[in-house]
Amino acid sequence: MQNQTQSPANILGTNVITQIGILVHDIEKTAQAYADFFGVEKPPCNWTDSADIAQTEYRGKPSEARAMLAFFDMGSLQLELIQPDEKPSTWREYLDEHGEGPHHIAFVVEGMREKVMLMEGKNMSLLQKGEYTGGRYAYMDTFKDLKIIFELLENDK
């Protein structure tokens, strides 16, 4: 696999996919299935931070939404399993509309606010954003043009 040469026009400043997110109904069962398939230990399944810490916004409004997450380190990228709660979120909406399966691909970026503004200028709206210990995330609605949601991750330095 060869890397594509990055153009100055690259909005994200990177073309390295760091994560693939998959929505599931039963994270414990699915995480165990992945662990068994790859012959690895099942990772812990943990809830995202509460709303007061995560400061989650979905479609421009505060949301109490949380999800249970499990992460598998798969060489050069991470596989994230996501089981959302019932509160409004991109996870819940996508799972209800499309069922289980791929939700997003993620990229680590610098200058989150600028990247979000650049993408919004290309009619790729901000779906959901929030904080996590050590950084922040933003899901961008890239589905119309790119056929999957992009997640931007910015880690604190």
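The model is predicted, so local features need pLDDT of at least 70 and side-chain atom pairs pLDDT 80 or more, while totals for chains, interfaces and linings use all residues. Residues are numbered from 1 along each chain as its sequence is written, and side-chain values use heavy atoms, without hydrogens and water.

The structure holds 7 aromatic pairs (rings of Phe, Tyr and Trp, the last by its six-membered ring, with centres within 6.5 Å; planes under 30 degrees apart are stacked, over 60 edge-to-face, the rest tilted). Trp91 belongs to helix α3 (residues 90–98) and Tyr139 to strand β9, 48 residues apart (helices are DSSP runs of H or I with at least four residues, strands runs of E with at least two, numbered from the N terminus). Tyr139 is buried, at 1% relative accessible area.

Next, display β9 (residues 135–140): 5 of its 6 residues are buried, so the strand is largely enclosed by the rest of the structure. Strand β8 (residues 126–132) runs antiparallel to β9, joined by 6 bridges (strands pair if DSSP finds at least two bridges between them). On the other pairing, 6 bridges join β9 to antiparallel β10 (residues 149–155).

Finish at Met140, the bridge partner of Leu126, which also stands opposite Phe150 in β10.

How values were computed:
Buried means under 20% relative accessible area, exposed over 50%, partly exposed in between (1.4 Å probe, protein chains only).
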